[in-house]
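Here are my notes for you to read alongside the model. Take them one point at a time, and keep the viewer open as you go.

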Amino acid sequence: MAEKDFFQMVYQVVRLIPKGRVTNYGAIAAYLGAKSSSRVVGYAMNGAHNVKPKVPAHRVVNRNGLLTGKHHFDTPYQMQELLEKEKIKVKDDKVIDFKKIYWDPFEELKI
DNA sequence: GTAATGACCTTGG
DNA sequence: ACCAAGGCCATTA
């Protein structure tokens, strides 16, 4: 049950991601105080589709801006489509101008 | 209870 | 600059 708390934390941060913005697992993990647990953040996203409200996991990508978890969506195209809907340009499963649309929790939440 | 895996990141050679 | 290995935390087998 305690693990749900960590998951909830990740979900909350991801849910606060503005439209047209993306973030990486390390940032979320660091914001939660567990930068070393970047893997757990990704694992939390694994159950994102099992949580309500749904979590915009498509806005979360790896440090490279690569859509690593696209395969975990209902359909790999869904993530790309969602990103395109957010006006986010995606090429080869990687976000363009990633550093530009990069959303840092410390800049929006911690402040 | 131990071992292996995973939507990762950092550091070393 | 590029390639390889380790580490960390949680879940599953």
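1. Let's begin in a loop. Asp-97 sits between strand E4 and helix H5; helices (H or I, at least four residues) and strands (E, at least two) are DSSP runs, numbered from the N terminus. The phi angle of Asp-97 is near 55 degrees, which is positive although the residue isn't glycine. Is Asp-97 buried or exposed? Asp-97 counts as exposed because 11 other C-beta atoms lie within 10 Å. The cut-offs are these: 20 or more such atoms within 10 Å make a residue buried, 12 or fewer make it exposed, and anything in between is partly exposed, with C-beta atoms placed from the backbone.

2. A word on what you're looking at. This is a predicted model, in which local features need pLDDT of at least 70 and side-chain atom pairs count only at pLDDT 80 or more, while totals for chains, interfaces and linings use all residues. Residues are numbered from 1 along each chain as its sequence is written, and chains are lettered from A and ligands numbered from 1 in the order in which they are written.

3. Asp-93 also has a positive phi, near 65 degrees, and it isn't glycine either. You'll find Asp-93 in the loop between strand E3 (90-91) and strand E4 (94-95). With 16 other C-beta atoms within 10 Å, Asp-93 is partly exposed.

4. Have a look at the backbone around Pro-53 too. The peptide bond from Lys-52 to Pro-53 is cis, and its omega is near -5 degrees. Pro-53 belongs to the loop between H3 and E2.

5. Now zoom out. Chain A contains six helices and four strands, and from the N terminus on they run α-β-α-α-β-α-β-β-α-α. Along the principal axes, the C-alpha atoms of chain A fill a box of roughly 35 × 30 × 25 Å. The radius of gyration of chain A is 13 Å, and that agrees with the value near 13 Å for a compact globule of 111 residues. That radius is taken over C-alpha atoms, and the globule rule is 2.2 Å times the number of residues to the power 0.38.

6. How much of chain A is buried? Buried residues make up 29% of the 111 residues. As for contacts (C-beta atoms, placed from the backbone, within 7 Å), take those in chain A with a separation of 6 or more: 62% of them join residues 24 or more positions apart.

7. On to the inside. The largest nonpolar core has 27 residues, and Val-10, Val-14, Val-22, Ile-28, Val-41, Val-60 and Val-95 touch the most other members. A core here is a set of buried Ala, Val, Leu, Ile, Met, Phe, Trp, Tyr and Cys residues joined through C-beta atoms within 7 Å. Two or more core residues come from each of helix H1 (2-15), H2, H3, strand E2 (60-61), helix H4 (76-85) and helix H5 (98-101). H1 gives the most, with five residues. Leaving out residues up to four places away in sequence, Val-14 touches Ile-28, Val-55, Pro-56, Ala-57, Arg-59 and Val-60.

8. Ala-27 is buried, since 21 other C-beta atoms lie within 10 Å. Its contacts include Asp-104 and Pro-105, not counting residues up to four places away in sequence. Ala-27 and Trp-103 are 76 residues apart in sequence, yet 9.0 Å apart in space, C-alpha to C-alpha.

9. Val-41, Ala-44 and Met-45 are buried. They are on the same side of H3 because they cover an arc of only 100 degrees around the axis, where the arc is that of the directions from the helix axis to the C-beta atoms. On the other side of H3, Arg-39 and Asn-46 are exposed.

Notes
Two residues are in contact if their C-beta atoms, placed from the backbone, lie within 7 Å.
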